[in-house]
Amino acid sequence: MPILLFLIDTSASMNQRAYLGTSYLDIAKGAVELFMKLRARDPASRGDRYMLVTFDEAPYCIKPDFGRVVA
């Protein structure tokens, strides 16, 4: 069961705007979402676990199982 960790910078500098006005944080979030969608298509991903670590203060910086869908 792989554990996939995403480390996202949530500092104020990520509010800078890139090309076409999208913030760096929105670009990072979009990249994680795209990765998770593409990974979900692979049958081998059924046991995947996801963890998100941000630049918040501890303990709020760790978000275990943030991508898990609970029925």
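1. Of the contacts in the chain with a separation of 6 or more, 46% join residues 24 or more positions apart, where contact means heavy atoms within 4.5 Å. The model is a predicted one, in which local features need pLDDT of at least 70 and side-chain atom pairs count only at pLDDT 80 or more, whereas totals for chains, interfaces and linings use all residues. Residues are numbered from 1 along each chain as its sequence is written, and side-chain values use heavy atoms, with hydrogens and water left out.

2. The chain has one helix and three strands, which follow one another from the N terminus as β-α-β-β; helices (H or I, at least four residues) and strands (E, at least two) are DSSP runs, numbered from the N terminus.

3. The three strands form an open sheet in the order S1-S2-S3, with mixed pairing, two strands being paired if DSSP finds at least two bridges between them. Because strand S1 (3–8) and strand S3 (62–64) stand at the edges with a single partner strand each, one side of each is left without a neighbour in the sheet.

4. Strand S2 (residues 49–54) pairs with S3 in the antiparallel sense over three bridges, and valine 53 stands opposite isoleucine 62 in S3. Helix H1 (residues 24–40) packs on the sheet, where it touches S1 and S2, and its direction makes about 165 degrees with that of S1; axes are lines fitted to C-alpha atoms, for helices over the stretch in contact, and angles run from 0 to 180 degrees between N-to-C directions.

5. Along its principal axes, the C-alpha trace of the chain spans about 35 × 30 × 20 Å.
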